[in-house]
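These are my notebook entries on one structure. I set down what I looked up, entry by entry.

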Amino acid sequence: MTTFPFEIKATEGKARTGTLKTPRGEIRTPAFMPVGTAGTVKALYMDQVKEAGADIILGNTYHLMLRPGAERVKRLGGLHSFAHWDGPMLTDSGGFQVWSLAQLRKMDADGVTFQSHIDGSTHRLTPARSIEIQADLLGADISMQLDECTDYPCSHAEAERSLDLSLDWGQRSLDAFGDREGQTLFGIVQGSNFADLREKSAKGVVSQCFGGIALGGLAVGEGHDQMCATIDMTVPHLPGHLPRYVMGVGKPIDLVESVARGVDMFDCVLPTRSGRHGQAWTWDGPVNVKNARFAEDTSPLDEAVNCKASQDYSRAYYHHLFKAGEYLGPMLLSWHNTAFFQALMAEIRLSIAEGRFEALRHRLQTAWASTRSAPKDQQG
């Protein structure tokens, strides 16, 4: 298994900052990966994504295999060329999206058969097919093993059955991946919110010798506090020399608290999804630009973020764009949010290097206290 060089440059407590070196460029960690679901980070040019500070983006196996088709992407030069992104790219395995199609899928020991949400056509995803799509056809720098995302909440027995299946699929993913030059494969820890199962899964994944390790089964409705508890019960069983990746997380407060627990990589659709719905993320907390109080507010979204969308347009203008239904509103706000998330990661990296991460963490905990997610059964 090819393992990209991963250098830890500074630590503060469990938080750490470093560099993951890939053939297509260095990834500064902690790193937030903008999500390019269908070969595009929604509403943005790739130049804007790069200028915002992103070193790596994420591509989505499920969506790309259905449209335009992974084989077609290969014929068109691979996903980097197709999407006009020359930096590192990570692809998910498709497992999370298939998990979300509860009424359209059938699981078995060898893989999953599912119906397309687009046209109802039937498709088959196995560990080997997932690797073929990610590494061979899309050309990902970092691929993910196929796993089963565990329901939350679930019983101990169901969580154990699921993690055992994911361990088996992890080994089959490794076998299909083989030894590749310039590409690597990450494993995924499952086990729901059970400490003994997280330990069992983590030790099993570590023994399989992946190039990095992800914490799966989060951002599925468990809430902020349970997310933190699950990370706490998992990270102690992971080696320090490999990058750690929490999948699908999340809100800025989630990122800060995950970094404090030793996590290096993140992805989430939140910056652009929030941008399409009128929510701006700022150093002082979220702002809903559609609120009437911004109708005559001439202040910028956030002068501390080095982005034209953050500095050059007033909140009143954003309010107008969304009220008028203008395309420019979601485009500018998605740009700002993407830049803000990258600015947050840059400040986290710098604060760890300078030994002031805990001070930053405390300040942001206070500013963003109201944004902590509740468990899904407590959400209104």
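Predicted model: local features only at pLDDT ≥ 70, side-chain atom pairs only at ≥ 80, totals over all residues.

I call a residue buried under 20% relative accessible area, exposed over 50% and partly exposed in between, using a 1.4 Å probe and protein chains only. Residues are numbered from 1 along each chain as its sequence is written, and side-chain values use heavy atoms, with hydrogens and water left out.

**Entry 1: aromatic pairs**

I pair rings of Phe, Tyr and Trp (its six-membered ring) if their centres lie within 6.5 Å; planes under 30 degrees apart count as stacked, over 60 as edge-to-face and the rest as tilted. The structure holds 8 such pairs. I looked up Tyr 313 and Tyr 317, which are stacked at 5.7 Å centre to centre with 15 degrees between the planes. Tyr 313 is partly exposed at 29% relative accessibility, and Tyr 317 is partly exposed at 32%.

I then turned to Phe 340 and Trp 368, an edge-to-face pair at 6.3 Å centre to centre with 75 degrees between the planes. This pair links distant parts of the chain, with Phe 340 in helix H14 and Trp 368 in the segment after helix H15 (357–367), 28 residues apart. Helices (H or I, at least four residues) and strands (E, at least two) are DSSP runs, numbered from the N terminus. Is Phe 340 buried or exposed? Phe 340 is buried, with a relative accessible area of 0%, and Trp 368 is buried with a value of 0%. I also find Phe 340 and Trp 368 in one aromatic cluster with Phe 32, Trp 283 and Phe 341.

**Entry 2: nonpolar cores**

I take a nonpolar core as a set of buried Ala, Val, Leu, Ile, Met, Phe, Trp, Tyr and Cys residues joined through side-chain atoms within 4.5 Å. The largest one has 92 residues, and Leu 344 and Ile 348 have the most contacts inside it. Helix H14 (residues 328–353) gives the largest share of this core, 10 residues. What does Leu 344 touch, not counting residues up to four places away in sequence? With contact meaning heavy atoms within 4.5 Å, Leu 344 touches Pro 252, Leu 255, Val 256, Trp 283, Leu 364 and Trp 368.

**Entry 3: helix H10**

Pro 252, Leu 255 and Val 256 are among the buried residues of H10. In helix H10 (residues 252–260), 9 of the 9 residues are buried, so the helix is largely enclosed by the rest of the structure. Just after H10, I note that Gly 262 takes a positive phi of about 100 degrees.

**Entry 4: Thr 272**

I located Thr 272 in helix H11. Thr 272 is buried, with a relative accessible area of 7%. Not counting residues up to four places away in sequence, Thr 272 touches Val 41, Lys 42, Ser 334 and Thr 338.
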